[in-house]
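My entries follow the structure shown here.

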Amino acid sequence: MSYTVFFASLGCDKNLVDTEKMMALLPSPEFVLTEDESEADVIVVNTCAFILDAKQESIETIIELAQMKENGRCKVLIAAGCLAQRYQSELKEEIPEVDALVGTTAFDSLADVIRNAIKGMTDPKEDDIAPESNVFKPLDHLPKDLTERVRTGFSPYRYLKIAEGCNKRCTYCAIPDMRGPYRSVPMEELIAEAELLAQDGATELILVAQETTLYGVDIYGEKKLPELLHKLCKIDGIEWIRLMYCYPEEITKELIEAMKSEPKVCHYLDIPIQHSDDDVLKKMGRRTNQKELIEKIEMIRGILPDIAIRTTLISGFPGETIAQHKACIDFVKRMRFDRLGVFPYSEEENTPAAGFDDQIDPEERIRRADEIMKVSEGVIFDKNKERIGRKMQVIVEGYLPEDGCYIGRSYRDAPEIDGLVFFESEIERLTSETVWVNITEANGYDLKGDIV
């Protein structure tokens, strides 16, 4: 007998990689994937619990899809990922429609979880069914040799998760409690996975982890990201490689030189700094200070003058004064980041920061975030205007028939979080094709141009 399975993947790109691997782990013809939840015998929600908004979205999605037990053909509802890992007892008690839970390090057991859950529905008298339906493995477990994935969507880019977990223990973050300690994926597995992604049509690899810059220290005794980049660049079909989640204190000159030497590596770095004030950084548990941040950014820009630097900040961290907030705004103006995002601080249970006495009103956190974004927008919009008259390589993402133009991204734009390039073409362009565009207009975060 076969069962149709629907997946809902929530949260970050790293979660999406886990979802694609879970989908690939379900053997055919026993399990058949469907994109219609109403036609699914089994629904799997890969949840997120990073901040409050993500938790709420996960809970709402589970409740919404639970309706398929009445309005569809769903027999089994499974919650996987971070929310399931962090709130095991609460989920089963508060949402009884959930039939099974799968922890963040146990997704390689999904097929057995589904079988046991279905067996529990059809033969509930067996005493050994219920315990086996929920699977959690030690947080230092890393599933091995999971190189196959099922493509979700039709974009030219694919994410390559090079490590799992984190050792940093920032005071505001619960990731280590949900994802465990830092574990690098062996290089040979990553190369094999990347080759399969290229064969499946990927032309851009986006390297992700909780922290990409520490890749290799746990299994090779030293940072191996530069070596990994060199090997990935040799894969036929891959044209762009992009780095995300690079902690500033771990970025080395060797890494930047490797980026310079490899034409396939985008001159783009995502460097989450979270703040610029030394006292706030120390209270956050961050391992850098403003002087080091400035020196690191100057080093990067000295080697790669055309580098696009994205960063993220946290506004309204406990105890942040108005003066520290304004100093952070001044820092944003001074450093002229090419891309920037701001998160209002979110209290996370069982983190040190949640217990700090000097919590800031949530509305004030949002107000401060808005102030930073407004200043950052001015910098980014001015920088985009500087692109007018330049020729830029663009990877085609699709066609907008209502506007009669194509959309794509330059090396300066990570998908879904950065800007787009709009252009017209007299001949048909294919998704994932790269073209050269002469930039003629800058409209906020986006650019417009003509095919060269």
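**Salt bridges across the chain**

I began with Asp108, which counts as partly exposed at 28% relative accessibility. I noted that this is a predicted model. Next I asked which side chain meets Asp108 in a salt bridge. The partner is Lys137, at 3.2 Å from N to O. This pair links distant parts of the chain, 29 residues apart. I found Lys137 in the loop between α7 (129–133) and β6 (157–161). Asp108 sits in the loop between β5 (100–102) and α6. Lys137 has a relative accessible area of 25%, so I wrote it down as partly exposed.

I then looked up Arg115. Its side chain meets that of Glu30 in a salt bridge of 2.8 Å, N to O.

Side chains of opposite charge can pair when their charged atoms come close.

How many salt bridges are there in the count? I put down 47. Some of the charged residues join up in a network of salt bridges. Its members are Glu20, Lys21, Arg149, Arg151, Arg158, Glu193 and Asp200.

**A patch on the surface**

I wanted to know which residues gather in a patch of negative charge on the surface. They are Asp53, Glu57, Glu60 and Glu64. I traced Glu64 to helix α2, residues 52–66.

I turned to Arg179 in helix α8 (residues 175–179). Is Arg179 buried or exposed? Its relative accessible area is 4%, and the limit for buried is under 20%, so Arg179 is buried. I listed two side-chain contacts for Arg179. Another is a polar contact of 3.1 Å with the side chain of Glu164.

Asp338 was next. I found Asp338 in the loop between α15 (322–335) and β13 (339–344). At 2% relative accessibility, Asp338 counts as buried. What does the side chain of Asp338 contact? A polar contact of 3.2 Å joins it to the side chain of Lys383. A polar atom of the Asp338 side chain also lies 3.0 Å from the backbone nitrogen of Ile309.

**Backbone notes**

Most residues other than glycine have a negative phi, and most peptide bonds are trans.

Where is a cis peptide bond? One joins Ser28 and Pro29, with omega at about 10°. Pro29 is in the loop between α1 and β2.

I checked Asn350, which is not a glycine but has a positive phi of about 65°. Asn350 is placed in the loop between β13 and α16 (362–385). With a relative accessible area of 74%, Asn350 is exposed.

Ser432 is not a glycine, yet its phi is positive, at about 85°. I located Ser432 in the loop between β16 (421–424) and β17 (434–443). I read 19% for the relative accessible area of Ser432. Buried means under 20%, so Ser432 counts as buried.

**Last entry: a distance**

I finished with Gly404, in the loop between β14 (391–400) and β15 (405–409). Gly404 is partly exposed at 31% relative accessibility. How far apart are Gly404 and Pro96, in sequence and in space? They are 308 residues apart in sequence, and 49 Å apart in space from C-alpha to C-alpha.

Technical notes: Residues numbered from 1 in each chain as written. Predicted model: local features only at pLDDT ≥ 70, side-chain atom pairs only at ≥ 80, totals over all residues. Heavy atoms only, no water. Patch = residues over 30% accessible without salt bridge, like charges linked within 9 Å, V, L, I, M, F, W, Y side chains within 5 Å. Areas by Shrake-Rupley, 256 points an atom, 1.4 Å probe, with all protein chains shown as cover. Salt bridge = Lys/Arg side-chain N within 4 Å of Asp/Glu carboxyl O. Lys, Arg positive; Asp, Glu negative; His and termini not counted. Charge placed at Lys NZ, Arg CZ, Asp CG, Glu CD. Helix = DSSP H or I, 4+ residues; strand = E, 2+ residues; numbered from the N terminus. Buried < 20%, exposed > 50% of the residue type's maximum accessible area, 1.4 Å probe, protein only. Polar contact = N/O pair within 3.5 Å; in protein donor to acceptor, adjacent residues only side chain to side chain.
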